[in-house]
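Student: I have a new structure open and would like to learn how to read its features. Could you walk me through a few of them?

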Amino acid sequence: RDWRCAAFMNSELSRAVRGHTLHLALVDKLKGQSQAAFEESHLIDLDTLKDTQDKHVVHGLDSGLVLSLSKADDEEPDDLCLDLFLSLSKTKGARTAAAGSTSRPPSGAETVHSLCSTFDLMCETTAFTDGSLAEVDAMLGCPLLLFAPAQVLPAGKLAELPTEARELVCACLFHAVSWVRTLLNNFSRELVRTHDTETAVSLVARLEALAALELSFEQCAAETPSFV
């Protein structure tokens with residue numbers, strides 16, 4: 001299934017749920033399907049990730065966890081992360097495998113393109129059936145699996161990377177920006193409903209992260225004219 005079709009379908013279904021034009025049984029089914037798709041395609045267990053960490057090097061870039069809102073003394077530390085780095089690194093291999101083929105499952109890179117629309121649908125259906133986003137609020141503080149910042153962000157480091165590595169960094173930052181914007185959109189509406197202080201604090205942290213991500217993306221894109 002083409003990711004454009006999936007993203008468009010998710011957006012239209014979200015609109016229908018928000019407009020209360022679908023039967024409750026159908027909304028509940030969509031909720032289960034969107035949650036299953038999101039968890040299967042985009043979430044990685046951190047224990048599993050640590051066991052295979054030495055394998056996560058692409059174009060000379062190491063993977064790295066960023067944007068966690070957990071603190072060292074939290075009783076419930078992060079146990080999941082949202083993957084962008086590993087999925088987006090599959091782009092080239094997926095294109096090669098697709099040569100001469102008209103039917104194939106979506107690659108990791110393609111599923112990333114429908115990440116935000118899938119999460120939007122998950123939030124709309126959860127809010128519709130449960131009256132809140134409590135079931136998915138862990139995503140607001142969930143860390144992202146990107147590249148290791150120390151390899152890229154210090155001045156002069158980016159220009160030293162090969163083109164493929166810079167293109168991967170750009171793709172990671174582009175989708176990270178889209179993801180954080182999606183979090184802000186959904187949980188800002190949740191804040192209006194709940195007036196929850198913890199949610200408000202997390203949203204401020206995500207807004208600050210968004211500004212930093214957008215700046216990093218602009219800098220990387222300026223160094224990578226081949227990125228489209």
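Tutor: Gladly! Keep in mind that this is a predicted model. Let's begin with burial: a residue counts as buried when its relative accessible area is under 20%. In helix α1, the buried residues are Ala 6, Ala 7, Asn 10, Ser 14, Ala 16 and Val 17.

Student: Which helices do the buried residues of α1 pack against?

Tutor: They pack against α2, which covers 24–42, and α7, which covers 115–130.

Student: How many residues does α1 have, and what span is expected for it?

Tutor: Helix α1 runs over residues 3–18, so to speak from end to end, and has 16 residues. From its first C-alpha to its last it reaches 22 Å, close to the 22 Å expected at 1.5 Å a residue. Just after α1, look at His 20, where phi is positive, at about 55°.

Student: Do β4 and β5 run parallel or antiparallel?

Tutor: Parallel: β4 (residues 80–83) pairs with β5 over two bridges. Here Asp 83 stands opposite Leu 145 in β5.

Student: How many bridges join β3 to β5?

Tutor: Four bridges, linking β3 (residues 61–66) with β5 (residues 144–147) in an antiparallel arrangement. Find Leu 65 and you will see Leu 145 of β5 opposite.

Methods: Residues numbered from 1 in each chain as written. Predicted model: local features only at pLDDT ≥ 70, side-chain atom pairs only at ≥ 80, totals over all residues. Heavy atoms only, no water. Pairing = 2+ DSSP bridges. Expected span 1.5 Å × (residues − 1). Buried < 20%, exposed > 50% of the residue type's maximum accessible area, 1.4 Å probe, protein only. Contact = heavy atoms within 4.5 Å.
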